[in-house]
Amino acid sequence: FPGGFDDPKIQKAMRDTTTMDDFYEQYGAEPKRSQHVVLPEFRRDVHVRQVPYQPGLPVYLGVDPGGPNPYAVVVAQDLGDDMVGFIDEIYERRVVTEEVCNLIVNHKAWYKDVSHAIIDSAQWFRERYTFQEKSGIAVYPVRKVTTDFITNSLFFYRKYLRDPDRYMYYVQQFMEERSKRDGIELKEIDETFRKRIWTEAEYQITPEQLRECAKIFIDSEHCPYTVQEHQLYQYHRPRMKFTDYSEMPRRAFDHSVDAARYLIWELKRYGPAREPESYI
């Protein structure tokens, strides 16, 4: 196509294709994303990079006890400017809390800088106290203070994967450039065409621009399972018409993601400091 993206045949194909995801897969060699992915904002080329451990800075742990499932611990440090870096992970199958704590205490260089850990103790109440006793780390349960904690914490987590204000700046910039190029008045276009331009904007915004919107970064060398779960975490596929499964993720590939979600919820909603709990 001599005209590249602006070639009349390509532009006609874009108008005729059902969805922009289909268009970019068929004509742009961009793999189509699953419609059921829970974290569509996550992109390997944006959020995955080298995030080295910085000795002396506080380290925070997010813990999702395993039982029959993988025992997941994500390790984070504050990168400044409201950004968080996941520097390491523990992702072990068929282990108990004592084994995980032994691994942390005896084999992890960042152990000396750990401030505290956040754990999901709803189903694993005793694990919190076992983890605290065996590791010597202060462990607190995640604060599930909202009526729909999963929905609210996922929404909060997505904002750190992609800051909506910064992202909308680039979307609006793209839409204005597109309107000038094609002589389109944005106020006059219908909702369907507006959604197509929005989808096109997501493909046209560069990874460098999306990195400016990101506040979460995951180390490429030490966190392979955390990266994998961000890509594979999905909703249930609708089985009945008019049934809403929008915030009912599958209980699969959710261990490191849950641990990370708990940690971001605590660090960024309430702040890094935790008051000691009274047992009186």
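**View 1. Glu 266, a buried residue in helix H11****.** In this predicted model, Glu 266 counts as buried because its relative accessibility is 1%, and the cut-off for buried is under 20%. You will find Glu 266 in helix H11, which covers residues 255-270. Which residues is Glu 266 in contact with, once its neighbours within four places in sequence are left aside? They are Ile 118, Pro 141, Val 142, Arg 143, Gly 271 and Arg 274.

**View 2. Helix H6 and its packing partners****.** Helix H6 holds 13 residues, 149-161. The buried residues of H6 are Phe 149, Ser 153, Leu 154, Phe 156, Tyr 157, Arg 158, Tyr 160 and Leu 161. What do they pack against? Their partners are helix H3 (44-47), E4, H9, E7, helix H10 (224-232) and H11. As you look along the helix, keep in mind that an α-helix has 3.6 residues a turn, so residues three or four places apart point the same way.

**View 3. The largest nonpolar core****.** This core has 35 residues, and those touching the most other members are Leu 61, Val 63, Val 100, Ile 104, Trp 110 and Phe 131. Strands E2 (59-64), E3 (71-80), E4 (83-92) and E5 (114-119) each give two or more residues to the core, and so do helices H4 (97-107), H7 (164-182), H8 (191-204) and H9 (207-213). H7 provides the largest share, 5 residues. Apart from this core lies another, of 32 residues, including Leu 39, Tyr 235, Ala 259 and Ala 260. In soluble globular proteins, nonpolar side chains tend to be buried together.

**View 4. Phe 131 and its contacts****.** Here is a closer look at one member of the largest core, Phe 131. Leaving aside neighbours within four places in sequence, Phe 131 is in contact with Leu 61, Val 63, Tyr 71, Thr 97, Val 100, Cys 101, Ile 104, Ala 117, Gly 136, Ile 137 and Val 139.

**View 5. Lys 187, in the loop between H7 and H8****.** Is Lys 187 buried or exposed? It counts as exposed because its relative accessibility is 78%, and the cut-off for exposed is over 50%. Lys 187 and Gln 228 are 41 residues apart in sequence, and their C-alpha atoms lie 41 Å apart in space.

**View 6. Confidence along the model****.** The protein averages a pLDDT of 86, with 90% of the residues scoring at least 70. Where pLDDT is low, the predicted coordinates should not be read in detail.

How values were computed: Residues numbered from 1 in each chain as written. Predicted model: local features only at pLDDT ≥ 70, side-chain atom pairs only at ≥ 80, totals over all residues. Heavy atoms only, no water. Core = buried A, V, L, I, M, F, W, Y, C linked by side-chain atoms within 4.5 Å. Buried < 20%, exposed > 50% of the residue type's maximum accessible area, 1.4 Å probe, protein only. Helix = DSSP H or I, 4+ residues; strand = E, 2+ residues; numbered from the N terminus. Contact = heavy atoms within 4.5 Å. pLDDT = per-residue confidence, 0-100. Expected span 1.5 Å × (residues − 1).
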